[in-house]
Amino acid sequence: NADKRNSIFMDPHKQLAYACHNLTYDPLLYRGFHALGFSQGGLFMRTLLQSCPNLAVGEFISLAGPQSGVFGLPDCPPTDTLCKEIKYLLDTVAYTPRVQSLLVQAQYWRDPFKEAVFRSHSRFLAEMNQLNGFRKDYRDNMLRFGNVTLVRFTKDTTVFPCASEWFGFYRPGQDREVYPLEESKELWAEDRLGLRELSVSGRLSFLSIDADHLQIPEVFWENEIIPRLRH
């Protein structure tokens with residue numbers, strides 16, 4: 001369907017602009033709203049709220065959102081030709097201009113063996129995570145959030161590494177050892193997205209589910225998610 005096609009082929013910046021316009025002019029949301037994002041939607045929701053001005057965001061909850069990118073894809077079903085083609089492109093030519101402009105997943109594909117190439121050629125994630133520069137409005141918009149909750153799935157077989165769901169990632173040059181958000185120069189020491197300030201003010205939470213991708217127990221919804229949405 002159209003939504004699935006857009007999630008693969010519609011440029012993320014166009015997606016954010018479209019959603020920003022709708023949120024800005026929705027009369028039901030002008031007093032504020034809570035936002036949840038699932039998987040890729042967790043990354044796109046965060047970057048939307050960070051880049052769209054004048055939104056009143058209460059709670060932002062990312063469930064399995066690859067906030068620092070991904071390096072690896074789940075195995076494709078034997079009959080899924082499109083999945084196999086996407087996997088091939090990401091493995092071989094993810095940072096070429098054509099693939100960056102064609103394929104959504106290429107724009108947050110982060111090869112730790114090519115960190116410098118990622119930073120210079122990523123058309124989306126490197127910019128939105130402020131890895132090559134700094135936009136004060138991105139940080140200011142993040143700091144307007146009431147609270148940020150990042151949910152990681154410790155047995156995730158879709159987001160590699162699952163540390164990305166907490167803004168961590170593989171250390172450059174290998175794909176086994178990961179570093180946490182607190183060791184990121186840009187995102188913690190320099191606090192380019194305001195995450196450290198959110199943490200210091202008690203507005204940044206890290207939650208874990210010991211399960212595969214988006215396998216959310218009912219008790220987790222009842223104890224952790226729903227209470228955050230009731231105010």
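Buried residues make up 46% of the 231 residues in the protein chain, where buried means under 20% relative accessible area, exposed over 50%, and partly exposed in between, with a 1.4 Å probe and protein chains only. The model before you is predicted, so local features need pLDDT of at least 70 and side-chain atom pairs count only at pLDDT 80 or more, while totals for chains, interfaces and linings use all residues. Residues are numbered from 1 along each chain as its sequence is written, and side-chain values use heavy atoms, with hydrogens and water left out.

Let me turn to the overall dimensions. A compact globule of 231 residues would have a radius of gyration near 17 Å, and the protein chain agrees, with 17 Å. That radius is taken over C-alpha atoms, and the globule rule is 2.2 Å times the number of residues to the power 0.38. Along the principal axes, the C-alpha atoms fill a box of roughly 45 × 40 × 35 Å.

The accessible surface of the protein chain comes to about 11,500 Å², and 56% of it belongs to carbon and sulfur atoms. Such areas come from the Shrake-Rupley method with a 1.4 Å probe; for residues, only the protein chains shown count as cover. As for charge, the chain has 26 positive and 28 negative side chains, and the centres of the two sets lie 4 Å apart. Here Lys and Arg count as positive and Asp and Glu as negative, without His and the chain ends; the place of a charge is NZ of Lys, CZ of Arg, CG of Asp or CD of Glu.

Among contacts in the protein chain with a separation of 6 or more, 66% are between residues 24 or more positions apart. A contact means heavy atoms within 4.5 Å.

I come now to the secondary structure. The protein chain has eleven helices and six strands. These are DSSP runs numbered from the N terminus, with helices being H or I of at least four residues and strands being E of at least two.

How do the strands pair? Strand β1, residues 33-38, and β2 pair in the parallel sense over five bridges, and leucine 36 stands opposite isoleucine 61 in β2. Two strands are said to pair if DSSP finds at least two bridges between them. Five bridges join β2 to β3, again in parallel, with phenylalanine 60 having valine 148 in β3 as its bridge partner.

Why is β2 described as largely enclosed by the rest of the structure? Six of the seven residues of this strand, residues 57-63, are buried. Strand β3, residues 147-153, is also largely enclosed, because five of its seven residues are buried.

Next, helix α8, which spans residues 136-143. Its buried residues are Tyr138, Arg139, Asn141, Met142 and Leu143, and they pack against α3 (40-51), α7 (125-128) and α10 (195-200). Methionine 142 lies in this helix and counts as buried at 1% relative accessibility. Not counting residues up to four places away in sequence, methionine 142 touches Arg46, Gln50, Leu193, Leu195 and Leu198. The C-alpha atoms of methionine 142 and leucine 49 are separated by 7.2 Å, although the two residues are 93 residues apart along the chain.

In helix α7 we find glutamate 127. This glutamate 127 is partly exposed, with a relative accessible area of 34%. Leaving aside neighbours within four places in sequence, glutamate 127 is in contact with His13, Arg135 and Tyr138.

Finally, some points of backbone geometry. Most residues other than glycine have a negative phi, and most peptide bonds are trans. Serine 39, in the loop between β1 and α3, has a positive phi near 55°. At 18% relative accessibility, serine 39 counts as buried. Alanine 64 has a positive phi of about 65° although it is not a glycine. This alanine 64 is found in the loop between β2 and α4 (81-93), and it is buried, with a relative accessible area of 0%.

Which two residues are joined by a cis peptide bond? They are phenylalanine 160 and proline 161, with omega at about -5°. Proline 161 lies in the loop between β3 and β4 (169-170).
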